[in-house]
Amino acid sequence: MTTRRLRLSAILWAAPAILAILALLYYPLAQNLRLSFLQWSVFSPEQEFVGFENYITAFGDAVFWIAIRNNVAYAAVSLIIQVGLGLILAALLDRFVKGRLQAFFRSVYFLPATISITVTGVLFSFIYHPEVGFLNEALRGLGLEGLARVWLGEPETAIWAIIAMSQWQWTGYVAALLLVAIQRIPSELYEAAALDGAGPVRQFLNVTIPLTREMVAVMSIVTVSNAFLVFNEIVAMTNGGPNNATQVLGTLIYQNAFVNDDMGYASAIATIVLFITLIIGATQLFYTSRKRVSL
């Protein structure tokens, strides 16, 4: 079979998948971009072209900036806790725990990720309950009554309480995936580093981190993207309150699209979310591709 016929055959085999991706992914994205320049309601067939007015409205909306700030905080904390602490947990598990005990701890790490986000949100609502919640009871038991709060009812603590819940649920999941990447590193490299006098910390810095860079980059992109798509836990725990203090871009899109019936404005916010995640993902991929390490 000639090279030309092989290429044609490959294209024909790949065509259904390419068409499915175009129809299910890129066409809705293009439609969302088009709708962001319109003023329209789902209850009316009329659509009015308004140019960049929806984007101007978003950048002048104080709640939009609260949502951006909350999403950025969510992403920053998730990167530090889920990816940073997750990598350390994975390295400790790989180095100091072996055999069935390692399998047990890997399951313990992974277990919270199998619980529904809505169920987790309800569970933590009880933990944060101001009167009978475990957190305030524990603080009172330790003599720290002054730190007891209405965690989900005060604007200063509500978003951080939700972010903390998310770290509990996903840090173990990220650690379990990073453990797989660490176990792919040849043990000879650690032995060579030990012969050169490197202790556990230097081995972690000079062997583990460089050789798991690509997996760390992937998990960072997934973590940041998820931070900008967070929705269920906010709705389950505060629904954006109190006083919009826990609004994120996902809940803002939902409220404008399906509560306020302002579909054009909701599409504009969704387009902004798309560009933010694209920029973050492209930046991380560019950075890691320049420092790729091969085994």
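This is a predicted model: local features need pLDDT of at least 70, side-chain atom pairs count only at pLDDT 80 or more; totals for chains, interfaces and linings use all residues.
Q: Why does isoleucine 21 count as partly exposed?
A: Buried means under 20% relative accessible area and exposed means over 50%, with partly exposed in between. Isoleucine 21 counts as partly exposed because its relative accessibility is 43%.

Q: How far from glutamate 233 is the nearest side chain of opposite charge?
A: Glutamate 233 is found in helix H11, residues 232-237. This residue is buried yet has no salt bridge. A salt bridge needs a side-chain nitrogen of Lys or Arg within 4 Å of a carboxyl oxygen of Asp or Glu. The nearest side chain of opposite charge is that of arginine 69, at 17 Å.

Q: Which residues is glutamate 233 in contact with, leaving aside its neighbours within four places in sequence?
A: Contact means heavy atoms within 4.5 Å. With neighbours within four places in sequence left aside, the contacts of glutamate 233 are Tyr74, Ile117, Ile162, Met165 and Ser166.

Q: How far apart do the centres of the positive and negative side chains lie?
A: The chain has 17 positive and 17 negative side chains. The centres of these two sets are separated by 19 Å.

Q: What share of the accessible surface of the chain belongs to carbon and sulfur atoms?
A: The accessible surface comes to about 17200 Å². Carbon and sulfur atoms account for 68%.

Terms used: Residues are numbered from 1 along each chain as its sequence is written. Side-chain values use heavy atoms; hydrogens and water are left out. Buried means under 20% relative accessible area, exposed over 50%, partly exposed in between (1.4 Å probe, protein chains only). Accessible areas come from the Shrake-Rupley method with a 1.4 Å probe; for residues, only the protein chains shown count as cover. Lys and Arg count as positive and Asp and Glu as negative; His and the chain ends are not counted. The place of a charge is taken as NZ of Lys, CZ of Arg, CG of Asp or CD of Glu. Helices (H or I, at least four residues) and strands (E, at least two) are DSSP runs, numbered from the N terminus.
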